Amino acid sequence: MGDTIRLTTGQALVTFLKQQYLHVDGEEFRFVDGVFNIFGHGNVLGIGQALEQYGDGLNIYQGKNEQGMAHAAIAFSKQKLRQQIYAVTTSIGPGSANLAAAAGTALANNIPVLFIPGDVFSNRQPDPVLQQVEQEYSADVSTNDALRAVSRYWDRITRPEQLMSSLVRAFEVMTNPATAGPVTIAIGQDVAGEAFDYEESFFQKRVHYLDRKSPVEREWQGATQLIKQSKKPLFLVGGGAKYSQAQAVLTRLSKQHDIPLVETQAGKATISAEFPNNLGGLGVTGTFSANKAAQEADLIIGIGTRYTDFATSSKTAFDFDHTKFLNINVSRFQAYKLDAFQVVADARATLEQLEQTLGNYQSTFGARTSELKAEWNQERQRLGSITFQAKDFIPEVKDHLPASVLQEYADSLKTEFAQTTALYTINEAIDPNAIVVTSSGSLPGDMQRLWHPSKENTYHVEYGYSCMGYEIAGALGAKIAAPDQEVYSMVGDGSFLMLHTELVTALQYDKKINIMLFDNAGFGCINNLQMEHGSNSFFTEFRNNDDQILNIDYAKVAEGYGAKVYRANTPTELQAAIADAKQQNVSTLIEMKVLPKTMTAGYEAWWNVGVAEVSNNENVQQAYQEKQQVRQSARQY
């Protein structure tokens, strides 16, 4: 046994965090950038004291809501391509319970983050302590057990020396691309303050290597053969392609072999939208150029994708009778999906190998790619310049909402601004290297279709979990990750009401973010889902007891916090607001009143949802029958 140093468990934790480094492609840097905290019962005296005494060198931020600060930590890691993280510490009980939604967000998106919630007394002597839940079947249960289902690795520290093996395991999980995700280490509040003689070697600099796993010969030969045998292969660019930083080789392969590409939400902005072979988003929130290409393709080359129902249109996006699948993924679990030929390897390393083996191969897409791209560009311009009077029907939604209701919204909100026009205006007005963040509602769909990122890694959309409340907290995390770039949070009024308090954190620490608030007085996306499947509008609009539409002044809310605010209900007003907001040093909020039902449509995609099999509503009955007919063409596994 070597030399030892006597530290509390909390102090040992903080000391260890500062000594973790990641080595990627010849570069080495600290893995843990800092800690978000809300101190309370269970963490303030143990971990809080440790951060005060030993936290030098770590960036420490005080959050305002546990879920919010955890989402900021997740967004930081996502923006950093999973190569750096924040730790998040909370109190026991409701503090740790508030981490559950964020943990699910990190798990669904494969984003590493370290959660350190306080826990109940390990010695159980004062049980039940404040904020402790009790279960009759076991005394070894606390609120933190709720995080087991949404953690990639979970542990409870009941003795100081357990910390050592637990932390080594935790960082192996977080630095492994195949297992990256949230880690929860719950530390009993008595244990956090208990001391132990730790070996000094445990606190030496520890380097975690992100090595690029190359495909074995069987894999790259099989992949090469599949591509050469295909006539119309199609790249499906997922988040793994972005995290692998495969954009350069992917661009070369697409251009050299005339293979078009389509994108998932996580994969968007891996390749510039200006690239001629980029046909945009695939699936339920995709473009018709991408969806048509997917139907025509005889080989789908999935690069780092989970094949979610939105990307695959609930497994109807492809011609399964005539299409094969080649999956390149660091996760063997993901590579197996859709009965594909599996290449379990790093995306960039695999594509670089294929670059050497494909030779003079050419797909037969030819001019079809440019035709499809031109078709969508024309539709995008139309969507971006919609002007109408609310008394008119909107063609895409005329069967779902009478003009009288649109007129009611126009009168109540004092606007006739279309959401697609607003988004297009923003895209044209902000700087090319600005980062846009969103997560839920109709905005991710509109953005995957309409948003044209010209710079890589500027499209930051959390759609693996589609977690309401991520948008503003995520913008803060992205800003911490990219302090020299403007960051815009695209958020609906429903998500703003769900969680917006990390705006205060952004103001507190001079981390300028710009909130673009789309107010349509309700949960518009879910209202669409109701009405498009036969139901009436039911508790998805924001109306008072007199059935009047709520017109909330959200700008005043942000102004009260100290943000610079604007109100813009026309393209001209919006352009002026964005121009002025760029000149500000403080966080801004631009409130836009937009009419419901002015988002984009489905574009030849289908989403499998739970329509009622029995109903007294004929429209619901019809919607169920239509669903059953489409399901017959869907793949079952």
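An α-helix has 3.6 residues a turn, so residues three or four places apart point the same way.

This is a predicted model, in which local features need pLDDT of at least 70 and side-chain atom pairs count only at pLDDT 80 or more, while totals for chains, interfaces and linings use all residues. Residues are numbered from 1 along each chain as its sequence is written, and side-chain values use heavy atoms, leaving out hydrogens and water.

Helices (H or I, at least four residues) and strands (E, at least two) are DSSP runs, numbered from the N terminus. Helix 15 covers residues 368-383, which is 16 residues. At 1.5 Å a residue the helix should span 22 Å, and its end C-alpha atoms are 23 Å apart, which agrees. The expected span is 1.5 Å times one less than the number of residues.

Contact here means heavy atoms within 4.5 Å.

Helix 17 is mostly covered, with nine of its eleven residues buried. Among them are Gln419, Leu423, Ile426 and Asn427. The cover includes helix 15 and helix 18. It also includes strand 20 (487-492), strand 21 (514-519), helix 24 (571-582) and strand 23 (588-593).

**Nonpolar cores**

A nonpolar core is a set of buried Ala, Val, Leu, Ile, Met, Phe, Trp, Tyr and Cys residues joined through side-chain atoms within 4.5 Å. The largest has 49 residues, and Phe36, Val88 and Leu589 touch the most other members. Val88 touches Phe36, Met69, Ala70, Ala73, Leu99, Val113, Leu114, Phe115 and Ile116, not counting residues up to four places away in sequence. Apart from this core lies another, of 37 residues, including Ile47, Ala50, Ile185 and Leu210.

**Salt bridges**

Side chains of opposite charge can pair when their charged atoms come close. A salt bridge here is a side-chain nitrogen of Lys or Arg within 4 Å of a carboxyl oxygen of Asp or Glu. The whole structure has 31 of them.

| Salt bridge | N to O distance |
|---|---|
| Asp119 and Arg156 | 2.8 Å |
| Arg156 and Asp140 | 3.7 Å |
| Lys232 and Glu296 | 3.3 Å |

Arg156 forms salt bridges with Asp119 and with Asp140. Asp119 lies in strand 7 (residues 113-119) and Arg156 in strand 8 (residues 153-157), 37 residues apart. Asp119 is buried at 2% relative accessible area. Arg156 counts as buried at 13%. Asp140 sits in the loop between strand 7 and strand 8, so its pair with Arg156 ties together parts that are 16 residues apart in sequence. Asp140 is partly exposed, at 41% relative accessibility.

Lys232 and Glu296 are linked by a salt bridge. Lys232 lies in the loop between helix 8 (217-229) and strand 12 (233-237), and Glu296 in helix 11, so the pair ties together parts that are 64 residues apart in sequence. Lys232 is partly exposed at 21%. Glu296 is partly exposed at 27%.

There is also a network of salt bridges, linking Asp25, Arg212, Asp346, Arg348 and Glu352.

**Aromatic pairs**

Rings of Phe, Tyr and Trp (its six-membered ring) pair if their centres lie within 6.5 Å; planes under 30 degrees apart count as stacked, over 60 as edge-to-face and the rest as tilted. The structure holds 23 such pairs. The rings of Tyr307 and Phe325 have their centres 6.2 Å apart and their planes at 80 degrees, so this pair is edge-to-face. Tyr307 is in the loop between strand 15 (299-303) and helix 12 (309-312), while Phe325 is in strand 16 (residues 324-329), 18 residues apart. Both are buried.

Phe318 and Phe320 are also edge-to-face, at 5.9 Å centre to centre and 90 degrees between the planes. Both Phe318 and Phe320 are buried. Ring pairs also join Phe16, Phe31, Phe171, Phe196, Tyr198, Phe202 and Phe203 into a cluster.

**Glu618**

Glu618 lies in helix 25 (residues 618-631). Glu618 is exposed, with a relative accessible area of 64%. The C-alpha atoms of Glu618 and Leu574 are separated by 42 Å, and the two residues are 44 residues apart along the chain.

Conventions:
Buried means under 20% relative accessible area, exposed over 50%, partly exposed in between (1.4 Å probe, protein chains only).
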